[in-house]
Amino acid sequence: MTSTTTVTDALPDAVVTSRGPRYRQQLQQILAFAGLVVIFAFFSVASPYFLDWANIKGILLATAVTGIMALGATFVIATGGIDLSVGTGMTLCAVMTGVFLTNLGLPLAVGVLGGIAAGALLGLVNGLNVSFLGIPPFIATLATMMVAQGLSLVISGTKPIYFSDVAGFGQIALGELVPGLPNAVLIFFVAAVVAGVLLSKSLVGRYALSIGSNEEATAISGIDVRRWKVVVYTVAGVFTGLAGVVMASRLNSAQPGLGLGYELEAIAAVVIGGTSLRGGKATILGTVIGALIMATLTNGLRIMSIPQEWQKVAVGVVILLAVYTDILRRGKDA
Amino acid sequence: MSTDPTPAVRAGDPPPAGTLLRVEGITKSFPGVRALDDVRLDLRRGEVLALVGENGAGKSTLMKLLSGIHQPDAGTMELDGAALDVRSPREANERGISIIHQEFHLMPDLSVAQNIFAGREPRRLGLIDDRALVRRATGLFERLGIPLDPRQPVSQLSVAGQQMVEIAKALSFDAKVLIMDEPTAALNDAEVRTLFRLVRQFLTPRTGVIYISHRMEEIKEISDRITVLRDGRYIDTLDTPGTAVADVIARMVGREIRTDVRPAPAPTGRPVVLSVRGLSTRRLLKDVSFDLHEGEILGFAGLMGAGRTEVARALVGADRSTGRVEVRGRAVHVRNPADAVRHGIGYLSEDRKRYGLLLDQDVTANVMLSSLGRESRAGFVRDGDARRVATDMVRRLAIKTPSVRQRTKNLSGGNQQKVVLAKWLVRDCDVLVVDEPTRGIDVGAKEEIYDLLRTLADQGKAIVMISSELPEVLRLSERIVVMCEGRVTGVLDNADATPHNVMELATRFGGAEHLLATTGDAR
């Protein structure tokens with residue numbers, strides 16, 4: 001195709017710098033990271049035990065489970081949706097892993113993959129409900145949150161399932177392939193890298209961000225938005241399943257009563273990381289930093305012997321501050 | 001505003017004693033456009049003044065000034081001899097100006113009475129007195145002869161019923177001036193009768209009605225005088241009795257059209273790329289049929305609400321429709337835009353910010369959006385290639401942007417439009433459906449878009465071009481499909497098309513029975 005218009009018209013406008021969106025996204029992560037450093041520095045000074053490697057390890061371990069969930073939640077939130085079912089969903093996956101390994105005595109790999117598949121299935125159901133039944137994500141996943149919680153209790157008979165007889169299961173989270181670093185943390189970091197590549201380089205990630213930016217324009221552009229939303233929720237489900245397996249391994253048991261509230265921590269981590277709840281803007285690095293902030297804060301407050309009830313207040317305030325900073329920053333570039 | 005010295009009385013001005021509402025020398029600009037330029041208008045006591053003009057003539061802007069939504073940059077408005085300087089629709093209501101907009105502003109889940117008295121509900125002990133509310137509404141309906149139940153939720157009413165609610169609401173303000181914007185667009189004949197009865201009932205020696213419409217027959221029937229606006233300027237005011245419809249139309253379209261730039265006559269024998277038969281939708285379209293040839297720009301003309309955008313949306317699967325669509329002789333079933341794109345049909349919406357662009361994402365992401373699937377390997381996007389393709393498009397379409405990483409939000413309208421166009425070119429779409437391609441784009445950039453569309457057609461693309469700007473249609477399209485009320489009322493070769501006969505077809509309300517007669521004597 002040759003155009004009648006001339007090439008010179010298109011030369012860059014020298015007045016405008018080409019820093020663009022990339023620079024802005026980096027700023028968002030730099031701010032979150034600066035927040036993490038400040039919190040870290042504060043607790044280091046406030047408590048002599050904080051910088052102890054055992055404590056740092058504890059923070060990282062605590063980050064791992066919510067962090068893995070938050071990775072998946074990032075995809076859903078990127079589309080402008082929300083997934084409330086990841087907390088109890090994680091528990092359901094842990095219970096299913098217990099059923100496969102302890103009750104049915106299946107091989108370790110099968111049990112682990114089965115747990116992850118349970119998460120994928122839950123995500124698939126969420127995606128189908130949102131896409132094809134048109135149920136708003138908040139309600140669709142609120143419902144499956146309850147369903148997952150109920151199913152966990154039903155399947156387990158309301159009692160914990162222990163993995164004492166399953167050789168090697170505990171090693172999944174607590175073994176140390178890298179000496180000094182629990183595998184759970186390693187899994188989290190590897191999962192984060194995978195999620196990062198998926199979000200920024202794969203069709204799922206690109207379409208998730210496009211849908212979040214402008215769902216109608218994305219549909220008009222010929223993308224099967226409904227189908228891709230199903231994929232996005234299923235991807236989130238896979239991460240939920242992985243979180244469930246790691247959780248079960250760490251506790252060496254599936255605790256059917258656990259899980260409620262984890263979804264909010266995961267969402268908080270995503271939001272603190274600068275991902276917009278309206279969709280269209282999301283980074284995995286931000287989510288990782290957000291998850292670290294959440295865990296560091298809880299740990300630091302505990303180590304300073306702040307009562308648990310006040311810890312919650314502090315975490316809530318930090319979420320408000322983080323999101324408000326983000327709003328202030330956006331206001332400026334709008 | 002009242003201190004603004006009004007110029008001496010001009011020729012043709014009515015005696016001030018009879019004037020209810022006077023608008024003088026009104027100018028209003030929005031960024032990039034002068035919507036109104038020295039516009040005047042006089043509404044006499046007890047009359048219905050019709051306000052006519054093509055899309056974009058400035059009617060809506062004028063209404064927005066009168067209803068306090070916008071304020072004029074210059075000029076005076078007077079109601080009953082006192083300066084009218086309203087800052088909000090509420091203030092306008094209180095001064096006695098009531099407007100019935102084309103789109104209803106009703107709360108569907110509330111009752112008829114609640115809608116009418118929203119914001120001024122009768123209270124008792126600080127709480128809303130529902131019984132008094134219903135009583136008031138009932139009284140109002142009896143006075144107006146409106147057969148509605150005040151307790152019924154608005155959502156259960158027909159369109160005509162909702163129109164009645166809007167009218168009742170407007171009249172409940174004790175209005176002096178009632179402004180109606182295309183009030184009959186959704187009404188059937190009997191309902192139009194009722195509406196006219198209400199209008200006549202409303203008229204007293206201290207009230208007046210401004211009636212905006214495209215329907216000449218209704219204007220002939222209901223109005224006393226007709227004021228014509230064109231391109232934001234006042235053109236003329238005519239006494240309705242003794243004025244021929246043709247005279248009104250001539251004044252509506254009378255602008256200079258550059259007839260020197262018309263497309264060359266279409267070579268015959270080019271293959272049909274897109275063939276549409278009997279395209280219909282539940283809401284508007286009735287039996288729309290046309291053929292689109294390779295290398296052709298097929299213009300779609302018509303007034304607002306004629307159904308042109310609906311044709312586009314039906315073609316690309318954005319809305320449900322029935323009918324037969326063939327692409328290069330093969331019947332295709334387009335259920336959604338993804339199907340349309342697969343068959344090589346791309347859509348540039350009239351609302352490019354809503355349907356065209358990811359404003360927060362960069363040029364590359366937008367240009368590549370439709371082609372990501374094809375340009376990816378094993379589900380992963382090849383960014384290097386994507387950027388190369390985008391850069392190439394930026395060069396070929398002369399998109400002015402500092403880099404392909406620029407967010408499209410920061411581009412000008414013309415360049416945004418080129419980005420959307422680039423998206424479909426990268427996807428190799430053979431059929432482009434472009435809806436108002438130059439809306440909100442400044443003059444220089446318009447020329448570029450025209451050249452671009454012409455070049456694309458010359459290279460073999462088949463283009464459906466919808467436009468409300470007649471000069472644009474006449475300049476670019478080899479053939480012109482004219483629509484009115486969801487039907488095709490005529491197809492003209494460019495050589496036969498004049499602003500006059502296009503407008504005549506576009507106002508051919510009442511449908512197909514006129515069709516044969518029309519195409520014969522359409523001059």
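In chain A, helix H12 is followed by A:Ser305, whose phi is positive, near 65°; helices here are DSSP runs of H or I with at least four residues, strands are runs of E with at least two, and both are numbered from the N terminus. The structure is a predicted model, in which local features need pLDDT of at least 70 and side-chain atom pairs count only at pLDDT 80 or more, whereas totals for chains, interfaces and linings use all residues. Residues are numbered from 1 along each chain as its sequence is written, while chains are lettered from A and ligands numbered from 1 in the order in which they are written.

Helix H12 of chain A covers residues 284-303 and, with 20 residues, reaches 28 Å from its first C-alpha to its last, close to the 28 Å expected at 1.5 Å a residue, the expected span being 1.5 Å times one less than the number of residues. The helix H12(A) is mostly covered, as 17 of its 20 residues are buried (20 or more other C-beta atoms within 10 Å of a residue's own, with C-beta atoms placed from the backbone; 12 or fewer for exposed, and partly exposed in between).

Between the two chains, 42 residues of chain B are in contact with 33 residues of chain A, contact being defined by C-beta atoms, placed from the backbone, that lie within 7 Å. Among the elements of chain B that each supply at least two residues of the side touching chain A are helix H10 (337-342), helix H14 (383-396) and helix H16 (443-458).

Chain B has 19 helices and 24 strands, and 46% of its 523 residues count as buried. Its C-alpha trace spans about 70 × 55 × 50 Å along the principal axes.

An open sheet of six strands in chain B has the order S18-S21-S22-S15-S23-S24, with mixed pairing, where two strands pair if DSSP finds at least two bridges between them. The edge strands are S18 (345-348) and S24 (487-493) of chain B, each of which pairs on one side only. Within this sheet of chain B, strand S15 (residues 297-302) runs parallel to strand S23 (residues 479-484) and is joined to it by five bridges, and B:Gly302 stands opposite B:Met483 in S23(B). Helix H18 (residues 499-506) of chain B lies across S15, S23 and S24 of chain B, running at about 35° to S23(B); axes are lines fitted to C-alpha atoms, for helices over the stretch in contact, and angles run from 0 to 180 degrees between N-to-C directions.
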